[in-house]
Amino acid sequence: MPLSNEDRESIEAVADILSRKGLAELEFERDGLRIRVARGGAAVAPAATQVQAPPAAAAGDPAEADESALLIESPMVGTFYVASSPDAEPFVSAGDRVRKGQVVCIIEAMKLMNEIESEHEGVLAECLVENAQGVEFGQALFRIGVG
Amino acid sequence: MFDKVLIANRGEIALRIIAACRELGAKTVAVYSTVDRDALHVELADEAICIGEARSSHSYLSVPAIISAAEIADVDAIHPGYGFLAEDARFAEICRDCGIRFVGPSAEAIRLMGDKARARRAAAAAGIPVMPGSEEPLGSAAEASALAAEVGLPVILKAAAGGGGRGMRVVRDLGEIEGAFRRASAEAGAAFGSGQVYLEKYVERPRHIEFQVLADERGKVVSVGERECSIQRRHQKLLEEAPANGMSAESRARAGEVLARALASIGYSNAGTVEFLMDESGDLHFIEMNARIQVEHPVTEAVSGIDLVRAQLLLAAGEPLEAAVPGPVEVRGCAIECRVNAEDPRTFLPSAGRIERYVPPGGPGIRVDSAAYSGWHVQPHYDSLIAKVTAFGATRPDAIRRMKRALSMFVVEGVKTSIPLHRRILESKPFLDGRYDTRFIEEMGL
């Protein structure tokens, strides 16, 4: 089923909370829509702010959170840009659904603008690099949740 | 001087360049491939940027990756070291177009020296002695025969497009020349798609002698003396020494003057090495010029007291020759370098793997250039050089004694090394007598 704009907004809202509170994983369920956003790695929320999903809605192994987060890595050394030009909208923002092969950013190397495509399918959890920052080969650019 | 220099290389030469930059107060940027994450040059540079995968073509040979790294690190200059992009004229040109100083000669000089036939013509025109032979490809068997009679036998026929010994034929009897020419031409055509063949005088027992030069960008050139590099195996140098055996101060000065004049007329700048073949009567014949710093530069540094990599950086920054070489060049004492490779000393096959224990030698007169440490992995992707051991002494016997002592105290465990081979060389009579040529290794019976 394709995502409606309403769905998109909900996912973005959930991802925003996850990002703002520094949580590792967040699940939200309403009217048959279940959104689970996760990021792998070191970011672990302090216990006091941890939001527990109701036990009935909890699905899967908690360890899945790490496995379900994938990284988009830079295939080259260069300068990272979120958009095709300084005035343009970013290719992707946190909470966006990302398809395999979708352009997610530009890496400039020797004056050539290289469009970087996502190797993964999922929801963009986080952009790990600042706009116009230098990146090296293999550096993680985005975290994608595929839960 | 430069504020920040990117080093487009790895291993011991990257560390050597970091050392020179530190003494000059320049910051350094290392680049590395994914398998070199734990390499010392990455640790010891002020910044490090991963530029690609293990394969050199995707990392250390990738011009876009290195230029992008230079741009994001905002460097003034790139030092290419030796190998990789050091003699890539296009790379030097791109650096120039990007406003980055390339630490080396101009792109034009690199291009000239990279084309062997053009380099030979330029050398001859500038007054450097070249091996007697044909300037152009031979037109016919009769032409080959006439030229062979003129330069004297033996001669060698070489495919213009050849290399690695293929398409080469030595002729010792004038009666054989026409047949040899037709076979060499046919062979060259089949192997390289071009039947063009050159003829040159052949030296049965050549020595490999090379002269180090330094030149500024104002046309001033100086020779920093010679090195003897005759101990080779399949054109790989194993041991080098300075000065060359039997070279008098007068011959050195004479050759140095010829080279300084010739290279000034060619417009050469920065460091370079002019390689010669020395025949049995002691005459030098130009082979080629290497437009870069050489692996074996430490022996020249030891006997001249000149820091060649520091000189390269100063000269590339536009400083006059006097800044790099303050007084007249004097060659004192003797220096020997052994290239310790990770390889089987008998089969010469590379021995990649983890170095379990690494304890380099030290003490009086010993210098070790290396990027190895205990726990470091010798990567199969790159060359197998582990360390260069340079011994210096007031006399040649002193230097030999120190080298023997140093190699006997060099601990490398986990990979096989060429140390046993070097120790055998240091015991052999021709070496101890200082009377050997490029057939030395072959005749050692390995």
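1. In helix H3 of chain B, the buried residues are Ala65(B), Ile66(B), Ile67(B), Ser68(B), Ala69(B), Ala70(B), Glu71(B), Ile72(B) and Ala73(B). Buried here means that 20 or more other C-beta atoms, placed from the backbone, lie within 10 Å of the residue's own; 12 or fewer makes a residue exposed, and anything in between partly exposed. Since 9 of the 11 residues of H3(B) (residues 63–73) are buried, the helix is largely enclosed by the rest of the structure. Asp74(B) follows H3(B) and has a positive phi, near 55°.

2. A word on the basis of this note: the model is predicted, local features need pLDDT of at least 70, side-chain atom pairs count only at pLDDT 80 or more, and totals for chains, interfaces and linings use all residues. Residues are numbered from 1 along each chain as its sequence is written, with chains lettered from A and ligands numbered from 1 in the order in which they are written.

3. Pairing requires at least two bridges found by DSSP; E4(A) (residues 78–81) and E9(A) pair over 2 bridges. Thr79(A) stands opposite Gly134(A) in E9(A).

4. Next, the nonpolar core, a set of buried Ala, Val, Leu, Ile, Met, Phe, Trp, Tyr and Cys residues joined through C-beta atoms within 7 Å. The largest one has 159 residues, of which Leu6(B), Ala69(B) and Leu214(B) touch the most other members. Apart from it lies another core of 16 residues, including Leu138(B) and Ala180(B).

5. Helix H1 of chain B (residues 11–24) is also worth a look. It has 14 residues and reaches 21 Å from its first C-alpha to its last, close to the 20 Å expected at 1.5 Å a residue, where the expected span is 1.5 Å times one less than the number of residues. As 10 of its 14 residues are buried, H1(B) is largely enclosed by the rest of the structure. Just after H1(B), Gly25(B) takes a positive phi of about 75°.

Terms used. Helices (H or I, at least four residues) and strands (E, at least two) are DSSP runs, numbered from the N terminus.
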